[in-house]
Amino acid sequence: EVAALIGPNGAGKSTFIKTVIGELPPLAGEVVLGANVKIGYFAQAHESLDPKRAIIDEIQSVKPMGIAEARNFLGGYLFQGDDVFRPIETLSGGERGRVALAKLALTGANFLLLDEPTNHLDIASQEILEHVLREFAGTILLVSHDRYLINALATQIWTLAPGRLEIFAGDYQEFLFAREAERQRAIEREAIEKSAAKAAQKAAAPRRNGLSARELEQRIGEIETQISALEARLAALSEAISEASAAGDTERVTQLGLEYTQAQADLESALSDWESLVE
């Protein structure tokens, strides 16, 4: 699994990460890691580089290997030829990031923690990072503002706000779809509530729609029942789309998307009819 931890600046994302790895004590409760969990922390790997060491020495300090094997391994991180003998202190930020990634890959970690890993990385290093994380067989907790990286890797979205953590079981596109659907429902609920309040204020006013008071009340009730049914259908379709997307059933996602669009249009029409009756 790849869980992407997102939220506004100051919400506590980095604090959360540092609490998990033990750099900060929890404010309450305790942090418990599984018996076989071995953490690899990208920031620590980056900070622990010895500026005086050569790249190849840094790699061999993690896992003893011959020069040929080490050079071959580093080739996968774009260090070719005599580059492997360059001191860490001569490297750019992106190059140091690649060395840190290479070291993490050799540690045997099965739980990677990455806090803004693409910061200060060049494009080549970002591409290597994505490739390494795609191939990683363990679990990843990723803090990032890089929407491209999140979209490429995440299987869960953790949204952090002060005092609240919400977990969405799905990828980033599904998360955005669900959030937009909820936003639309909130807008529709607010519109209904405002219109209802307006209708209550004008309840005694004469109507110009040709219906008696009793007929008007009955018609409004019918449309409100229709609106509730359409909202429930949209919620069910949203869930079905998420399930079909997770299953990779693109044909069903397309069909459900058409049904969702039609139901949305029907809802907008019903809301329009309702508003014309209560005004």
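**Group meeting talk: pocket, cores and a few residues**

Let me start with the pocket. β5 (156-161), β6 (164-168) and α8 each supply at least two residues to the lining of the largest pocket. Helices here (H or I, at least four residues) and strands (E, at least two) are DSSP runs, numbered from the N terminus. A pocket is defined on a 1 Å grid over the protein atoms alone: it is an open set of points where a 1.4 Å probe fits, with protein on both sides within 12 Å along at least five of seven lines. Lining residues have an atom within 4 Å of a point.

A word on the model. It is predicted, so local features need pLDDT of at least 70 and side-chain atom pairs count only at pLDDT 80 or more, while totals for chains, interfaces and linings use all residues. Residues are numbered from 1 along each chain as its sequence is written, and side-chain values use heavy atoms, with hydrogens and water left out.

Back to the pocket. Its volume is about 340 Å³, counted as the space filled by probe spheres set on grid points, which are joined across faces, edges and corners. Sixteen is the count to remember: of the 16 lining residues, Thr159, Glu166, Phe168, Phe175 and Arg179 are the closest to the centre. Which element gives the largest share of the lining? That is α8, with five residues. By class, the lining has nine nonpolar, two polar and five charged residues. Nonpolar covers Ala, Val, Leu, Ile, Met, Phe, Trp, Tyr, Cys and Pro; charged covers Asp, Glu, Lys and Arg; the others, Gly among them, are polar.

Now the whole chain. It has 10 helices and six strands. Its C-alpha atoms fill a box of roughly 90 × 45 × 35 Å along the principal axes. The radius of gyration is 27 Å, whereas a compact globule of 279 residues would have one near 19 Å. That radius is taken over C-alpha atoms, and the globule rule is 2.2 Å times the number of residues to the power 0.38. Of the 279 residues, 37% count as buried. Buried means under 20% relative accessible area, exposed means over 50%, and partly exposed is in between (1.4 Å probe, protein chains only).

Next, the cores. A nonpolar core is a set of buried Ala, Val, Leu, Ile, Met, Phe, Trp, Tyr and Cys residues joined through side-chain atoms within 4.5 Å. The largest has 41 residues, and Leu74, Leu114, Ile150 and Ile157 touch the most other members. Helix α5 (residues 93-106) gives the most to this core: six residues. Apart from it lies another core, of 21 residues, among them Ile223, Ala263, Leu267 and Ala270.

Leucine 114 has several partners. Contact means heavy atoms within 4.5 Å. Beyond four places in sequence, leucine 114 touches Phe42, Leu129, Leu133, Ile140, Leu141, Leu142 and Val143.

Tryptophan 158 sits in strand β5. Is it buried or exposed? Tryptophan 158 is buried, at 18% relative accessible area. Alanine 4 is 154 residues away in sequence, yet the two C-alpha atoms are 5.9 Å apart.

On to the helices. Tryptophan 274 is in helix α10 (residues 250-278). At 2% relative accessibility, tryptophan 274 counts as buried. Leaving aside neighbours within four places, its contacts include Ile192, Ser195, Ile223 and Ile227. Serine 195 lies in helix α8 (residues 172-201), and is buried too, at 12%. Leucine 230 belongs to helix α9 (residues 213-246). Leaving aside neighbours within four places, leucine 230 is in contact with Ala263, Asp266, Leu267 and Ala270.

Most residues other than glycine have a negative phi. Leucine 78 has a positive one, near 70 degrees. Leucine 78 is in the loop between α4 (67-75) and α5, and is partly exposed at 43%. Glutamate 116 also has a positive phi, about 50 degrees. Where is glutamate 116? In the loop between β3 (111-115) and α6 (123-135). With 15% relative accessibility, glutamate 116 counts as buried.
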